[in-house]
Amino acid sequence: MEVGQLQRSFIEYISSLFNEGFLDAQFSQLQQLQDESNPDFVVEVVSLFFEDSERLLNDLTMALDQPNVDFKQVDAHVHQLKGSSSSVGAQRVKNCCVPFRNVCEEQNTEGCLRCLQQIKQEYLLVKNKLQTLFELEQQIVAAGGAIPMMQ
Amino acid sequence: MLISGKMSSCYDINVSCSNKNLNIGKKLKALIVDDDRVVRMVHKGLLKKFGVETHEAKNGEEAVLAHRAGACFDLILMDLDMPVMNGRQATQELRDMDVVSLIVGVTSTGEEEKEAFMNAGLDYYYQKPLTVDVVRLLVEKFKDDA
């Protein structure tokens, strides 16, 4: 595929991620922080987000699998997930955290399990989408092009 | 502890740091206090964009210990909910130690915590995530005071 076409695909794809609410303005903030002195900033931050989210989702799964659920612990994990997802602009993951904290406050195990399933699903979706986006970026760079800047 | 870099004599806590720019003539120095490494990395990227030298602490206690060891920062970005020592306690303790740095509370909790956090000695309070525009405003405060 020629560079121009790859760049158009990139713009189309990233626009769809914003339009469908997978990403919000915070992701654009991260893109603004990427420059020659910090060329891999977005991929580095997002990779860290993937690692930490997977650890937190595992911790949450284990915490909710206990006979006596420690809701304070569950809430702390969700709070952390909210902080990191909002920092990278993973809007749909962040949005799942509010109802999750509410059912946690109600000590509602069933509700927590439902929210956990939903947040896992949203996390996997956005991870997949971001990986596709980064692959597109690599293809553009490999073809000798520049990554288009979004407004 | 993540605090790294030189803690040279210019950061002697006995030196009165009465001016807003505590490291006059040098790069601004900031301490990022947050238990979440994704947040620390984003804040580091934001501050680096404006040429600010950054240091990190994973909780309030690390921030307090760094100051006890003689560190001095122009700007401190302080999270609220952290293990070991939260941001409110750390801010209170830093103010009790006469730390005059600009301390900015940055939290993802709602407004309900704001008053108590501000009363601990914050200069400003912002909701996460911080943006380029907010950090520009913070950095410009030092220019205004210079």
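How many of the five residues of strand S1 (residues 29-33) of chain B are buried? Five of the five are buried (20 or more other C-beta atoms within 10 Å of the residue's own, placed from the backbone), so S1 is largely enclosed by the rest of the structure. This is a predicted model, in which local features need pLDDT of at least 70 and side-chain atom pairs count only at pLDDT 80 or more, while totals for chains, interfaces and linings use all residues. Residues are numbered from 1 along each chain as its sequence is written, and chains are lettered from A in the order in which they are written.

**Strand S1 of chain B**
- Strands are DSSP runs (E) of at least two residues, and helices (H or I) of at least four, numbered from the N terminus.
- B:Lys29, B:Leu31 and B:Val33 are buried on one side of S1(B), and B:Ala30 and B:Ile32 on the other.
- S1(B) pairs (at least two DSSP bridges) in the parallel sense with S2(B), residues 53-57, over five bridges; B:Leu31 stands opposite B:His55.
- Four bridges join S1(B) to S3(B), also in the parallel sense, with B:Leu75 as the bridge partner of B:Ala30.

**B:Asp79**
- B:Asp79 is in the loop between strand S3 (75-78) and helix H3 (87-96) of chain B.
- B:Asp79 is buried, with 28 other C-beta atoms within 10 Å.

**Contact between the chains**
- In chain B, 16 residues are in contact (C-beta atoms, placed from the backbone, within 7 Å) with 19 residues of chain A.
- Helix H1 (residues 37-49) of chain B supplies the largest share of its side, nine residues.

Definitions and conventions:
Buried ≥ 20, exposed ≤ 12 C-beta atoms within 10 Å, placed from the backbone. Contact = placed C-beta atoms within 7 Å.
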